[in-house]
Amino acid sequence: MSPAFSFIILTFNEEQHLPRLLNSIAQLNAPIFILDSGSTDDTLKIAESFGANVKYHPFENHPKQWDYALKNFEVQTPWIIGLDADQMVTPELLELLINFDDEAYHNVEGIYFNRKNIFKGKWIKHGGYYPKYQLKMFRYGIGYSDLNENMDHRFIVSGNTAIWKKGHILEENLKENEIRFWIDKHNRYSDLVANEEIERMLNLRKQTIKPKLFGHPYQRTAYLKSLWWKLPRFFRPFIYFSYRMTLQLGFLDGKTGILFHFLQGFWFRLIVDIKISEKLNQANKNG
């Protein structure tokens, strides 16, 4: 019986994470495609040992890397599951995939998985981080990468979607246990987000997904983003962090969780606002 889905995974120096992910899906015997952006560790050897089909493409940002992957692998299955190398499929999600019946989803184009995010060994359960639904499974040739995003990558389908509330993707980047790595990574990300927001101010970039508070998960995200862009810079990180800590109960995540919410919900957002102002000031000086 031919599999209903294939996996596509992006990698760059993921020897620490890739075996964990590939072992979590090995029982499915599904085709695996890996797009690497120049790993210098044992990532490619690991991919080869699991029988993965590997291609190389230089990295610019996640949406463009996913766009290349979707257009350049010769996928033979009706469905694709797109995962990051630092994610794993939990046994409950594995069971759902084992029992997946394509006929039962004949009128569905995409499926949202529920994600659990782990930071420094701690499940971030509050502050708006759980449940967190991401469209990870979609019909080949129909789902595509949203190129109107500069950093956040998401897959889009135009038709019906389903949400799997049971079973999870477990996301834990072990490199982020070292705070220097987290800060360096998000410093790079802040440039992407700052540039993206400036382009939105100039109407050079628009949201692909229609904002809708009570729509599907990505429509809700688009709605909240549209509100965020209207808030005053420098003030909005304080609002967001306070909201996550109180109304979204972020304080219940304990010391490690509060550290995460501070870094991701305040520090990162403040750095983005500072860089937006710097870039706008520089543009004004240059005429």
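This is a predicted model: local features need pLDDT of at least 70, side-chain atom pairs count only at pLDDT 80 or more; totals for chains, interfaces and linings use all residues.
1. Helix H4 spans residues 91-98; helices here are DSSP runs of H or I with at least four residues, strands are runs of E with at least two, and both are numbered from the N terminus. The buried residues of H4 are Leu-93, Leu-94 and Leu-97, where buried stands for under 20% relative accessible area, exposed for over 50% and partly exposed for values in between, with a 1.4 Å probe and protein chains only.

2. Residues are numbered from 1 along each chain as its sequence is written, and side-chain values use heavy atoms, with hydrogens and water left out.

3. Next, helix packing. Two packed helices are described by the angle between their axes and the distance between the axes. The axes of H5 (residues 179-201) and H8 (residues 254-285) come within 8 Å and cross at roughly 50°. Axes are lines fitted to C-alpha atoms, for helices over the stretch in contact, and angles run from 0 to 180 degrees between N-to-C directions. H5 and H8 are therefore oblique to each other; under 35 degrees counts as roughly parallel, over 145 as roughly antiparallel, 65 to 115 as roughly perpendicular, and the rest as oblique.

4. The crossing of H5 and H8 is right-handed. A crossing is right-handed if the near helix is turned clockwise from the far one by less than a right angle, and left-handed if anticlockwise. The residues of the contact of H5 with H8 divide into 15 nonpolar, five polar and four charged. In this scheme Ala, Val, Leu, Ile, Met, Phe, Trp, Tyr, Cys and Pro are nonpolar, Asp, Glu, Lys and Arg are charged, and the others, Gly among them, are polar.

5. H8 also packs with H7 (236-245). The angle between H7 and H8 is about 165°, and their axes are 9 Å apart. That makes H7 roughly antiparallel to H8. The crossing of H7 with H8 is right-handed.

6. What links helix H5 to helix H8 across 84 residues? A salt bridge joins the side chains of Asp-191 and Lys-275 at 3.2 Å, N to O; the term requires a side-chain nitrogen of Lys or Arg within 4 Å of a carboxyl oxygen of Asp or Glu. Asp-191 lies in H5 and Lys-275 in H8, so the pair links distant parts of the chain. Asp-191 is partly exposed at 30% relative accessibility, and Lys-275 is buried at 13%.

7. By this rule the count comes to 16 salt bridges. One of them pairs the side chains of Arg-200 and Glu-149 (3.5 Å, N to O). Arg-200 lies in H5 and Glu-149 in the loop between strand S9 (144-145) and strand S10 (155-156), so the pair ties together parts that are 51 residues apart in sequence. Both count as buried: Arg-200 has 11% relative accessibility, and Glu-149 has 3%.

8. Glu-149 also meets Lys-225 in a salt bridge (3.0 Å, N to O). Lys-225 lies in helix H6 (residues 217-228), so this pair ties together parts that are 76 residues apart in sequence. Lys-225 is buried. Salt bridges that share partners join Glu-149, Asp-152, Arg-154, Glu-196, Arg-200 and Lys-225 into one network.

9. Backbone points to check. Most residues other than glycine have a negative phi, and most peptide bonds are trans. A cis peptide bond joins Tyr-130 and Pro-131, with omega about -5°. Pro-131 lies in the loop between strand S7 (122-123) and strand S8 (133-139).

10. Where is phi positive in a residue other than glycine? Phe-234 has phi near 75°, and Leu-249 has phi near 60°. Phe-234 is in the loop between H6 and H7 and is partly exposed at 36% relative accessibility. Leu-249 lies in the loop between H7 and H8 and is partly exposed, with a relative accessible area of 37%.

11. Met-245 is in helix H7 and is buried, with a relative accessible area of 12%. Met-245 and Leu-224 are 21 residues apart in sequence and 17 Å apart in space, C-alpha to C-alpha.
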